Amino acid sequence: MNLIIFGAPGVGKGTQAKIISEKLNIAHISTGDILREAVKNKTELGSKAKAIMDSGELVPDEIVAGIVKDTLNGDKCSNGFILDGFPRTLPQSQLLKTIFDELDIKNIKLIKLDAEDQVMINRLSSRRVCSSCGKIISKDEVFEGVKCSVCGEVNSFIKRTDDDEEVIKKRLSVYHNTTSPVFDYYQDKVTIIEIDGTQHVDDVTKEILEKLGLN
Ligand code: AMP
């Protein structure tokens with residue numbers, strides 16, 4: 001199954017993409033995760049991307065599209081994929097079309113998660129991420145000695161540098177101005193599934209699976 005998960009920062013794309021990729025045994029391709037890994041490892045890509053990401057702006061289209069092409073072309077996508085955080089601009093959508101054509105990838109479904117900005121602001125400002133495995137919890141669940149339920153790391157939960165209040169506002173404005181036209185672009189090109197992203201995580205997953213015809 002070939003999926004794109006779409007929506008504003010903080011709407012739950014990463015959480016759902018991870019669950020859906022595990023359930024369907026498909027690759028989870030998060031451009032944000034790939035870029036953060038590059039920053040952590042201080043690679044050339046990471047050093048180009050860090051300041052841009054910290055400001056809430058977008059990394060240049062060609063760089064991100066190159067990463068996506070290499071990943072889609074790899075073995076881990078042979079059973080399908082869920083693209084999370086890409087495409088985020090109209091040029092990226094066009095680059096993705098070229099990549100899909102070149103790699104003969106068809107039957108794309110786009111899952112759009114919806115929520116009001118205030119929901120995203122509240123979620124992102126209280127979000128804490130395991131620096132070891134990426135597991136997301138709320139700051140209310142963090143205490144001295146807290147152990148990650150996924151990887152077992154202790155005291156590993158941190159606030160992402162771009163989850164700062166001003167940067168959150170910037171990311172939402174980039175979403176509304178630059179990313180939301182991507183949804184219009186796909187309207188008549190792929191199957192669209194729209195879901196209320198304010199529901200409980202399990203209910204969002206259930207609805208996605210139902211609308212994919214899998215439940
Ligand atoms: P995310 O984890 O998806 O919220 O992405 C975090 C940051 O990585 C974004 O705010 C951008 O700076 C960068 N990024 C991730 N995906 C893309 C993309 N498709 N195009 C450009 N920049 C991206």
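Biologist: Hi! Where does Pro-87 lie?
Modeller: Hello! In this predicted model, Pro-87 sits in the loop between strand E3 (81-84) and helix H5 (90-103).

Biologist: And what is the peptide bond from Phe-86 to Pro-87, cis or trans?
Modeller: That bond is cis, and its omega is near 0 degrees. As background, most peptide bonds are trans.

Biologist: Okay, backbone angles next. What is the phi of Lys-42?
Modeller: Lys-42 has a positive phi of about 50 degrees, although it is not a glycine. Most residues other than glycine have a negative phi.

Biologist: Where is Lys-42 found, and is Lys-42 buried or exposed?
Modeller: You will find Lys-42 in the loop between H2 and helix H3 (44-55). Lys-42 counts as exposed, at 73% relative accessibility.

Biologist: What about Asn-155, what phi does that one have?
Modeller: Asn-155 is not a glycine either, and its phi is positive, about 50 degrees. Asn-155 belongs to the loop between strand E6 (136-138) and strand E7 (157-158), and at 40% relative accessibility it counts as partly exposed.

Biologist: Let's go inside. How many residues are in the largest nonpolar core?
Modeller: There are 49 residues in that core, and Leu-72, Phe-81, Leu-83 and Leu-96 have the most contacts inside it. Helix H7 (residues 165-186) gives the most to this core, with seven residues. In soluble globular proteins, nonpolar side chains tend to be buried together.

Biologist: Which residues is Leu-83 in contact with, leaving aside neighbours within four places in sequence?
Modeller: Leu-83 touches Leu-3, Ile-4, Ile-5, Ile-29, Val-68, Leu-96 and Phe-100. There is also a second, separate core of five residues, and Cys-130, Ile-137, Val-146 and Phe-157 are among them.

Biologist: You mentioned a cysteine. How many disulfides are there?
Modeller: The count is zero. The sulfur of Cys-130 has its closest cysteine sulfur in Cys-151, 3.7 Å away, and that is too far for a bond, because a disulfide needs the two sulfur atoms within 2.5 Å. Cys-133 is in no disulfide either, with the nearest cysteine sulfur, that of Cys-148, 3.6 Å away.

Biologist: New topic: helices. At what angle do helix H2 and helix H4 pack?
Modeller: Helix H2 (residues 31-40) and helix H4 (residues 61-72) pack at about 105 degrees, and their axes are 11 Å apart. H2 and H4 are therefore roughly perpendicular to each other.

Biologist: Which residues meet there?
Modeller: From H2, Thr-31, Ile-34 and Leu-35 meet Val-64, Ile-67, Val-68 and Thr-71 of H4. The residues of this contact are five nonpolar, two polar and no charged.

Biologist: One last spot. Where is the place of Thr-205?
Modeller: Thr-205 is part of helix H8 (residues 201-211), and it is buried, with a relative accessible area of 5%. Beyond its neighbours within four places in sequence, Thr-205 is in contact with Gln-16, Ile-19, Ile-20 and Lys-23.

Biologist: What do the buried residues of H8 pack against?
Modeller: They pack against helix H1 (13-24), strand E4 (108-114) and strand E8 (191-196). The buried residues of H8 are Val-204, Thr-205, Glu-207, Ile-208 and Leu-209.

Biologist: And which residue follows H8?
Modeller: Gly-213 follows H8, and its phi is positive, near 75 degrees.

Notes
Residues are numbered from 1 along each chain as its sequence is written. This is a predicted model: local features need pLDDT of at least 70, side-chain atom pairs count only at pLDDT 80 or more; totals for chains, interfaces and linings use all residues. Side-chain values use heavy atoms; hydrogens and water are left out. A nonpolar core is a set of buried Ala, Val, Leu, Ile, Met, Phe, Trp, Tyr and Cys residues joined through side-chain atoms within 4.5 Å. Buried means under 20% relative accessible area, exposed over 50%, partly exposed in between (1.4 Å probe, protein chains only). Helices (H or I, at least four residues) and strands (E, at least two) are DSSP runs, numbered from the N terminus. Contact means heavy atoms within 4.5 Å. Axes are lines fitted to C-alpha atoms, for helices over the stretch in contact, and angles run from 0 to 180 degrees between N-to-C directions. Angles under 35 degrees count as roughly parallel, over 145 as roughly antiparallel, 65 to 115 as roughly perpendicular and the rest as oblique. Ala, Val, Leu, Ile, Met, Phe, Trp, Tyr, Cys and Pro count as nonpolar, Asp, Glu, Lys and Arg as charged, and the others, Gly among them, as polar.
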